[in-house]
Amino acid sequence: MQTDIHISHDVTTYCHSCRCNLSYVLIYGSRSSKTFKPKKNIPEGSHQYELLKHAEATLGSGNLRQAVMLPEGEDLNEWIAVNTVDFFNQINMLYGTITEFCTETSCSVMSAGPRYEYHWADGTNIKKPIKCSAPKYIDYLMTWVQDQLDDETLFPSKIGVPFPKNFMSVAKTILKRLFRVYAHIYHQHFDSVMQLQEEAHLNTSFKHFIFFVQEFNLIDRRELAPLQDLIEKLGSKDR
């Protein structure tokens with residue numbers, strides 16, 4: 001993977017629209033019922049469900065920096081787990097709106113602009129990184145993430161069941177890979193996002209994601225390089 005990238009003018013032009021309505025699910029649902037993978041549901045009545053409701057309520061304040069902070073007295077692993085599931089659902093729905101534009105022909109490699117290309121490996125089924133199209137890569141990626149989220153030994157949903165020692169490492173890998181979907185959408189499909197009038201929702205979702213991973217230092221800065229200019233512009237609006 002090369003070390004630098006040019007962020008297109010279109011990406012930075014629409015950063016101001018992050019100040020949009022924060023009701024993600026309602027907004028996305030109005031655009032398309034099509035999702036790339038089945039939505040991952042947090043069991044209603046569980047503590048994690050209550051944490052998700054708390055997160056949604058805090059998001060409504062419009063202060064994303066405050067919304068990503070660990071609620072007082074809560075477990076960090078549980079907070080990261082709930083938000084990871086939420087980001088998976090958000091990215092899942094966002095990508096679902098542009099799948100018709102992301103094809104084997106239009107996106108023959110998984111890239112984030114001309115200087116970043118991603119090859120897939122999960123360490124289990126595919127141990128040696130393979131070059132593949134963006135839709136195939138994202139299919140591998142989202143299927144892998146879904147498998148992690150469905151694994152009760154990694155993401156326990158029952159009260160009192162401890163998180164495994166490798167939970168933080170797994171969560172960081174999930175979030176690093178989900179970032180790549182954002183990066184691909186921004187670099188390769190932002191024109192389509194604008195045609196669908198989804199740029200405000202994409203920007204808000206991405207801003208929420210970035211503030212969250214920055215708050216808990218979950219993604220190495222080098223991994224964020226494909227969208228660094230955009231990240232700096234989004235962050236500058238909250239200072």
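Colleague: Why does His189 count as buried?

Modeller: His189 has a relative accessibility of 3%. Buried means under 20% relative accessible area, exposed over 50%, and partly exposed in between, with a 1.4 Å probe and protein chains only. With 3% set against that limit, His189 is therefore buried. Keep in mind that this is a predicted model, where local features need pLDDT of at least 70 and side-chain atom pairs count only at pLDDT 80 or more, while totals for chains, interfaces and linings use all residues. Residues are numbered from 1 along each chain as its sequence is written, and side-chain values use heavy atoms, leaving out hydrogens and water.

Colleague: Where is His189, and what is it in contact with?

Modeller: His189 sits in helix H7 (helices are DSSP runs of H or I with at least four residues, numbered from the N terminus). Setting aside neighbours within four places in sequence, His189 is in contact with Ile98, Phe101, Cys102, Cys107 and His184. Contact here means heavy atoms within 4.5 Å.

Colleague: How do you know that Cys102, Cys107, His184 and His189 gather at one spot?

Modeller: An unreviewed UniProt entry places the feature "binding site" at these four residues. They span 88 residues in sequence, but no two of their C-alpha atoms are more than 9.9 Å apart, so they gather at one spot. UniProt annotations may be inferred rather than shown by experiment.

Colleague: What makes Cys107 buried, and what does Cys107 touch?

Modeller: Cys107 has a relative accessible area of 4%, so it is buried. Cys107 lies in the loop between H5 and H6. Not counting residues up to four places away in sequence, Cys107 touches Cys102, Ser133, Ala134, Pro135, His184 and His189.

Colleague: Why are Arg180 and Glu223 called a salt bridge?

Modeller: Their closest N and O atoms are 3.4 Å apart. Arg180 lies in helix H7 (residues 167-195) and Glu223 in the loop between helix H8 (199-215) and helix H9 (228-236), so the pair ties together parts 43 residues apart in sequence.

Colleague: What makes Glu117 and Lys131 another salt bridge?

Modeller: Their side chains meet at 3.8 Å, N to O. Both residues are in the loop between H5 and H6, 14 residues apart. Glu117, at 31% relative accessibility, is partly exposed, whereas Lys131, at 55%, is exposed.

Colleague: How do you know that there is a cavity, and what lines the largest cavity?

Modeller: Rolling a probe the size of a water molecule over the atoms shows where empty space is left. On a 1 Å grid over the protein atoms alone, a cavity is a set of points where a 1.4 Å probe fits but cannot get out, and lining residues have an atom within 4 Å of a point. The count comes to one cavity of 30 Å³ or more. The largest cavity has a volume of about 40 Å³, the volume being the space filled by probe spheres set on the points. Its lining consists of Leu94, Thr97, Ile98, Ile185, Val193, Glu198 and Leu202.

Notes
Salt bridge = Lys/Arg side-chain N within 4 Å of Asp/Glu carboxyl O. Helix = DSSP H or I, 4+ residues; strand = E, 2+ residues; numbered from the N terminus. 1 Å grid on protein atoms, 1.4 Å probe; cavity = no way out; pocket = protein on both sides within 12 Å on 5 of 7 lines; lining within 4 Å.
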